[in-house]
Amino acid sequence: MRSWTFLGVLSLLLVESSAFKAHDFKTCSQSGFCRRGRALSARAKEARSSWKSPYSVDASSVAISSDQASFTAGVKSSLYPDITFGLEVRVHDDGVVRVRMDEIGGLKKHYDEAASWALIAEPNISRDIQWKTGKKEVRAVYGDKKDIEVLVEFAPLRVSLLRSGREQIVLNGQGLLHMEHFRNKAAAESKTEEPAAVEGEVANGAEEVQTVIKSENPRAWFEGDSEDAYWEETFSSWTDSKPKGPESLSIDINFPNHGTVYGIPQHATRLALPSTTGDSPTFSDPYRLWNSDVFEYLASSPVSLYGSIPVLHAHSTDTTVGIFDAVASETWIDIGHVSDKSTETHWISESGILDLFLMPGPTPEAIFKQYARLTGTPVLPAAWSLGYHQCRWNYVSSDDVRSVQKRFDEEDMPVDVFWLDIEYSEDHKYFMWNDKTFPDPVEMVNDVAAVGRKMVVIVDPHLKRTSEYPAYQEASKLEVLVKPPSGQGEYEGWCWSGSSSWTDFFNPAAWDWWKSLFKTYPLESGWSWTKSTDAVHIWNDMNEPSVFNGPEISMPRDNIHYGGWEHRDVHNINGMLFSNHTYQAVAERSDPRQRPFVLTRSFYAGSQRFGAMWTGDNLGTWEHMAVGIKMVLSNSIAGMSFAGSDVGGFFGNPEPEMLVRWYQVGAFAPFFRAHAHIDTKRREPYLLDEPYKGIVRDILRLRYTQLPVWYTAFRETTVTGLPILRPQYVMFPKDKNGFDIDDQYYIGSSGLLIKPVTTKDATEATVYIAEDQVSCFTVYYDYFTHHAYRGASKGKEITVPAALHQIPLFVRGGSILPTRERPRRSSTLMKHDPFTLRVALSKTGTAHGELYLDDGETYSHEKGQFIWRQFTAEKTAKKSKALRISSRDLATEKPSEAVDGVALTTFNPANEFAKSIEDIRVEKIVVVGLNGKPSSVRVEGGAELVWEYTPGHAASEKKEGVASLLSIKDPKVLVAKDWDIVVQY
Ligand SMILES: *[C@@H]1O[C@H](CO)[C@@H](O)[C@H](O)[C@H]1NC(C)=O
Ligand SMILES: *[C@@H]1O[C@H](CO)[C@@H](O)[C@H](O)[C@H]1NC(C)=O
């Protein structure tokens, strides 16, 4: 978080706490390489068909490796005959195509390590592929049905991916590919003497373009005639020395048969990305990826925020495809919806090589799997971290923490985690407690941990430069700090801690040292955090990195990292490395290892392997509440499933109604935390008056009853990569009505559908319910009232009550939800609670659900210490009037799908964990939509059970209204055992 009040104290800049400061951040036209890239695109558009890419494959250089693994070729630009680029195309065993291009034998090296940080492993190459070389192209056909084709056309260079003969992804179809080769400044300067056709931005009018094309200077035709910002660039008061000169990369990536695109988080905008090439004044700049600490960000904008994931999905009723651009430098992306059936995109990056992964889909589910095989699935979090988190800048003392905890308990509000922001530390030297306000940190943490709760404490990356700070002293001695442009000494900038330096996590020498700081016992080798315990987890903020007196509130681009790379080359990865090493540090501080919780603000492709993110410093406004949902969805489909927005908004004092609605939003986000700026009034939920307080208590409890659903959904994403929050297009990829919907979503495979209300004075909400293509009249039940709503063949909007105490929450017919309905103070205290099964019958009278459970804290699940159950409800025979509800072990059935990354060839259902919970009962089964009053309900072969029946509509009736309800009390079955209950009706 940032506050200009504090900057004022530091007297660095003028104090003004009004709003987003556009002038702090570059627009495309203030960024040299973006300006060049966009001018290229503008000239191409003006010149239309006469525009031809100068890049072509040198046919004589084409080589197919003997194992058919890859196709390589030299690429030349007609403008620079002396420069050679190397192109490599590979097809992975899952059909993903990797396209790499780099300059060969250049004056310098382009940064080529982004993929190595993002990928979990070097992918395996497909063995069932044959490259066919022609005179003008090379092609390969593959896939189970041999319906996928990758085609590389030579002149001009054009790479396309086709399915069933239809183009899915096309690279350089518009001829915007341009990899600026390294050049020599002196040589370049002498060349500027060449005649220039037109000054400045050449493509401002058709006439000018004609001039350029006819001119004797084809380079100017392609690159523009001025060496715009090649060697030095100034923004505001900062000058970027650009020692390597121009090295940017431009490429157009088109989706000729896909009208909707999603992804490239993080931006505050809709899930289906608006066009940036039309006439929208808000979306007139390309989407920017440059991790930034943006103060009071706008609720609708292509401006870059804290994290960057260069992943895009292109979607149509036909197929879904995706791309992952492994680039870590600043990247701008123009998106143009040519029609509702076709999308053009243009990617402009400041440095790096071309390293593109084309994901063939053909469904959203397939894309998630393909992307997860590249960059990994989200890590399974500690179970407690799915509970409610209470944060504030700042709980000011250990007694403050204790009294906040006391108030939660007095009000019977569940909470799992209390957070400490930067003021716990002495002079913002993280790890070091302020002895006056936190004289007894270990006792404080123990008091919180006594009821199974945890604390999360902030550790930011800026290290205060003082001899009184062991963390800084040790990093300095190890020489693992980021260096200034000279490459000598330590870069110094300003942040919370005043004069600060930053650890360079690209340097492996920093890794073990960073881990050592988190040990809770004394070390001989150096300082360790003895005033901490295993119940303390970590919040990594400010890791873009945020530097108060740096360009665009970050580091100078010409700072030097390990290996001699400039900050510009690695900027967007920087935050991921910080949270990775914190994650490793917290995991390894205890033996056996405990699952860490690490929250990060900055992230990149692959960050899902290290924990949770949140959407940063949002505002307490309805607009921010609404856009937060869209941002979380966008992050989710790009791999960052463990995501949430600050409940209440970071800035401002939300009125009670808004706060209540915000709790309803937060309770349906994977990461559920309330947070507030230091200048805001206290707003812990127990401070609310009635009826607001009671409503929020109910919301918190609802979240806790549904924790088994959330945990099961998290387990699924760790194996499959499918997001936890699933927007409409993911659930119903063929239903066009759902493509733009981003204010309602499903939770995992549970069948829960939520539409949080984000407007003032609402009494109703409209919810879109889709059909899968096969069944009409799909039934959705209101979670609370069991009112049955019906779909229609082309999808349908329903209007539902949504007064302040009402949450539009539905269960899709056909689902079984495991819940735990006994209110407790924390999730840890629920570990031995019995379960309720909510059976919501489909119109054909069936239902299915899953439950995954493990100890929630260690890694023993990777060794088979867990249970994975399947619950089903179906008729005992086709025309019978009996419903069988049963419980089976899924892990024995599908051991390889049970745990991510761990090949469990055998699973023992009687493992230690399963034994530890073997006496946990199902205390209640509720069946919604049964077709008539039962005549008997019994465990198969057993005695009659106690049950109650409330008449109502049957699932099969196709009618709307309150559904019938059968409630079986204490069915005398255990959650982790096989059983069958038969309901005769
Ligand atoms: C590549 O193949 C090997 C051998 O079959 C396998 O062990 C490895 O896990 C595979 N790697 C990936 C990333 O799929
Ligand atoms: C994460 O940290 C481990 C060492 O603990 C390292 O091997 C790995 O490369 C790191 N990955 C990233 C993305 O930082």
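Analyst: A residue is called buried under 20% relative accessible area, exposed over 50% and partly exposed in between, taken with a 1.4 Å probe and protein chains only. This is a predicted model, in which local features need pLDDT of at least 70 and side-chain atom pairs count only at pLDDT 80 or more, while totals for chains, interfaces and linings use all residues. Side-chain values use heavy atoms, with hydrogens and water left out.

User: Why is Cys-34 called buried?

Analyst: Cys-34 has 0% relative accessibility, and the limit is under 20%, so Cys-34 counts as buried.

User: What makes the link between Cys-28 and Cys-34 a disulfide?

Analyst: A disulfide is a pair of cysteine sulfur atoms within 2.5 Å. The S to S distance from Cys-28 to Cys-34 is 2.1 Å, so the pair meets that definition. The structure holds 1 disulfide.

User: Why is the disulfide of Cys-28 and Cys-34 described as left-handed?

Analyst: The torsion about its S-S bond is about -100 degrees, so the disulfide is left-handed.

User: What makes Asn-124 a polar contact of ligand 1?

Analyst: A polar contact is a pair of N or O atoms within 3.5 Å; within protein, one must be able to donate a hydrogen and the other to accept it, and residues adjacent in sequence count only if both atoms are side-chain atoms. An oxygen atom of ligand 1 lies 2.2 Å from an N or O atom in the Asn-124 side chain, so the pair qualifies.

Methods: Residues numbered from 1 in each chain as written. Chains lettered and ligands numbered in written order.
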